[in-house]
Amino acid sequence: MRIAAASLAAALVLAGCSSGSDSGSSNTVNWWTWDDKQAVAYGECEKAFEAANPGTDVKITRYNVDDYFTKLTAGFVAGTAPDAFQNSVQFLQAYAGQHQLMPLDDLITKSAVDLKKYSVGVDNWKFTDGKQYALPLDWAAAGIYYRKDSLQQAGISEADVAKMTWNPDDGGTFEKIVARLTIDKNGKRGDEPGFDKNAIATYGVGAIAGRSFIGETTWAPLVATLGWKFGDKDQWPSKFNYTDPRFVKTMKWVTALTEKGYSPKLGTFTTGNQSTISDIDLVGSNKTAMTIGGSWSAPSFGKIPGVPVGIAPTPLGPDGKRAVLSNSNGNNIWAGTKNPDLTWKWVSYMGSEECQTKAGATGTFFPSIPAAMDNTVTSMKSQGVDLSVYNQYVKDGVLFPSTAYANGSAVQSAEQPLFEAYFGGQRSDDVFAEMERVSQEILAKN
């Protein structure tokens with residue numbers, strides 16, 4: 001999920017030095033995030049908000065994602081949680097169920113906030129009680145990042161990559177292009193006689209296997225084109241559809257892609273401490289010619305020294321249409337805040353077109369408001385990064401929201417090892433029945 005993008009080891013505190021809540025002060029609002037880039041980006045909104053509200057002090061605190069949710073929980077217990085904070089939808093059930101989140105419906109109505117102004121993310125933050133617990137803070141999706149020189153050397157046009165097709169039977173033109181971009185250590189391409197699948201110099205596409213049980217930046221934009229749904233219900237499902245024949249067939253295709261040598265197997269690119277080498281580094285070093293990656297990585301891909309990188313949309317499915325999973329983080333207000341009015345004023349300002357335009361100009365996240373997103377695209381294009389592919393997703397209506405589900409941490413802890421066992425070759429496709437059963441058991445727990 002998007003929360004995996006944050007990576008500093010210690011807390012970074014902006015606009016103040018407190019790591020706890022100063023909610024008792026009538027003119028102070030504490031806001032937390034795990035994203036160092038959004039901490040800086042929304043700092044621009046902080047300046048404007050404080051200027052428009054003299055005497056107000058907004059404190060933005062950024063914690064390493066590994067510590068973030070532990071610190072939040074400790075703050076709930078101790079009564080020192082921040083007034084408002086960025087949240088991932090996987091924790092909505094736990095926090096709302098514990099009554100730690102303030103429902104926003106009355107505030108939204110009172111302030112006449114039009115939720116239709118947000119392109120994505122609103123429904124993700126409705127709990128099972130039907131109440132709205134957050135305003136969308138951002139959105140993210142997957143795209144195809146490719147080395148332009150690799151395409152040119154392979155005789156593939158950027159237009160060909162922009163209109164790639166996919167199906168689980170033969171991989172469509174996506175697999176043909178991946179094969180062509182794959183080069184072994186003797187210089188043979190994946191579609192040429194004599195190609196050695198066991199001695200790869202450049203993989204045609206980065207890892208699709210093993211990363212996530214949700215598959216946001218790997219297989220989800222592929223299997224979704226078959227009409228597959230993650231859960232038996234779009235939101236708050238009772239099970240995940242891991243035994244659906246369309247899902248199983250897609251996972252077998254992913255495995256076949258690695259067996260052909262076109263995509264790295266699980267664990268191919270890890271360091272001595274088992275940390276995974278980033279897609280950006282792999283593309284930059286020509287270990288992979290292209291990769292499916294998150295939208296939040298676009299500025300980094302666009303600024304690899306000496307390597308022009310293009311961005312293409314995810315492949316079209318068998319029916320000629322795209323289906324792209326969109327994850328959207330939310331902005332929650334702590335139910336225990338002692339300063340609800342000013343906190344709401346800050347949170348609703350963060351969700352305004354003015355603020356999202358200021359913060360989104362960095363291109364490090366995508367604003368939830370279309371007009372602000374247009375500005376992000378314009379701003380980043382002047383820096384040599386073309387984000388129009390992502391904006392077109394919104395305009396074409398191909399985004400579908402991520403699924404809100406119960407017991408997010410427990411689900412992830414149980415399912416991820418099973419996925420890795422399958423892609424690592426320790427389990428066969430009988431694992432999918434176990435994964436579905438496990439999901440049903442954990443989702444049913446209170």
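**View 1. Helices α1 and α13 cross at roughly 135 degrees.** The axes of α1 (residues 36-52) and α13 (residues 353-360) come within 7 Å. Axes are lines fitted to C-alpha atoms, for helices over the stretch in contact, with angles from 0 to 180 degrees between N-to-C directions. Helices (H or I, at least four residues) and strands (E, at least two) are DSSP runs, numbered from the N terminus. The model is predicted: local features need pLDDT of at least 70, side-chain atom pairs count only at pLDDT 80 or more, and totals for chains, interfaces and linings use all residues. Residues are numbered from 1 along each chain as its sequence is written, and side-chain values use heavy atoms, leaving out hydrogens and water.

α1 and α13 are therefore oblique to each other (under 35 degrees is roughly parallel, over 145 roughly antiparallel, 65 to 115 roughly perpendicular, the rest oblique). On the α1 side, A41, Y42, E44, C45 and A48 make the contact; α13 supplies E354, C355, Q356, K358 and A359. Contact means heavy atoms within 4.5 Å. By class, these residues are six nonpolar, one polar and three charged (Ala, Val, Leu, Ile, Met, Phe, Trp, Tyr, Cys and Pro are nonpolar; Asp, Glu, Lys and Arg charged; the others, Gly among them, polar).

**View 2. Helices α14 and α15 cross at roughly 160 degrees.** The axes of α14 (residues 370-381) and α15 (residues 388-396) come within 10 Å. The pair is therefore roughly antiparallel. M373, D374 and V377 of α14 meet S388, Y390, N391 and K395 of α15. Three nonpolar, two polar and two charged residues form this contact.
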